[in-house]
Amino acid sequence: MNAEPQRKFGVVVVGVGRAGSVRIRDLRSQNASSEFLNLIGFVSRRELGSIEEVKQISLEDALSSQQVEVAYICSESSSHEDYIRQFLNAGKHVLVEYPMTLSWAAAKDLWELAEQKGRVLHEEHVELLMEEFAFLKKEVVGKDLLKGSLLFTAGPLEEERFGFPAFSGISRLTWLVSLFGELSLVSATLEERKEDQYMKMTVCLETESKSPLTWIEEKAPGLKRNRHLSFHFKSGALENMPNVGVNKNIFLKDQNIFVQKLLGQVSEKELAAEKKRILHCLWLAGEIQKHCCSNK
């Protein structure tokens with residue numbers, strides 16, 4: 001993004017919940033990447049008219065408009081696959097919040113469609129742009145893992161909208177894969193008390209060097225959003241996360257990466273490595289879901 005913008009890509013934001021609202025804010029602010037982007041409007045199932053002078057347009061108009069060259073998909077996870085397919089087929093570039101889809105096979109198919117159409121398909125992973133992850137990456141590099149665990153707690157999520165816990169929690173899985181490489185699944189169980197809105201998924205994973213990693217997602221009303229981690233290395237241990245600072249502008253950092261892709265400034269090697277990681281995480285999430293369902 002060093003050069004002056006030769007032209008701006010017209011953007012539509014689909015879904016105006018938390019992520020969509022932040023995307024609209026970043027597109028309207030003065031920053032390096034938004035200089036290459038022109039916010040045309042937003043799409044929502046609700047009749048909103050306009051938000052902060054940004055007009056609502058219909059999905060049909062967004063798909064058919066020659067002004068719209070890029071779609072930001074910020075709707076609930078269950079709708080991502082359908083929206084991505086429609087916008088790729090209409091010849092638009094796509095940025096989508098994670099998870100891209102709720103199945104590995106669908107994601108693989110959509111990536112093939114993007115390649116056929118010559119369009120950028122970018123899955124957001126803001127958790128990799130957090131200060132906590134940067135700290136962990138430095139702590140882990142060059143160390144031999146003996147065993148590790150990551151517990152995430154939060155309030156309940158609707159599975160119909162956000163997918164099975166292995167998919168709605170895929171950012172935690174992405175952390176583990178990004179820190180320790182590709183993982184294999186040993187076992188997975190799901191404990192549920194639907195009357196209490198309680199859910200606990202326990203996943204036992206293994207690194208390529210056979211070191212065990214446990215990932216737990218626990219959701220219930222009143223549970224605070226928190227991560228508890230424990231990594232034991234030959235050279236010592238890391239127990240829980242120190243306060244490493246505020247996560248600033250992580251969605252904007254993600255937008256910067258997306259614009260670099262639009263401008264052809266990301267190498268084929270980097271793109272291939274990112275795609276491999278994303279598909280591996282989606283495949284693992286699908287295998288975890290199968291294990292949990294077969295154990296019920």
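Modeller: Let us begin with strand β2, where L39 is the bridge partner of V11. Please note that this is a predicted model.

Biologist: Why are β1 and β2 called paired strands?

Modeller: Pairing requires at least two bridges between two strands. Strand β1, residues 9-14, is joined to β2 by 6 bridges, so the two are paired. They run parallel.

Biologist: What makes β2 and β7 edge strands?

Modeller: The open sheet has 5 strands in the order β2-β1-β5-β6-β7, with parallel pairing. Strands β2 (37-43) and β7 (121-123) each pair on one side only. Neighbouring strands in this sheet are turned by 20° against each other on average, direction ignored.

Biologist: Which strands does helix α1 lie across?

Modeller: Helix α1, residues 18-28, lies across β1, β2, β5 (70-73) and β6 (93-96). Its direction is at about 150° to that of β2.

Biologist: How do you know that L205 is in contact with L284?

Modeller: Contact means heavy atoms within 4.5 Å. L284 is listed among the contacts of L205 beyond its neighbours within four places in sequence, as are L173 and W215; therefore L205 and L284 have heavy atoms within 4.5 Å.

How values were computed
Residues numbered from 1 in each chain as written. Predicted model: local features only at pLDDT ≥ 70, side-chain atom pairs only at ≥ 80, totals over all residues. Heavy atoms only, no water. Helix = DSSP H or I, 4+ residues; strand = E, 2+ residues; numbered from the N terminus. Axes fitted to C-alpha atoms, helices over the stretch in contact; angles between N-to-C directions.
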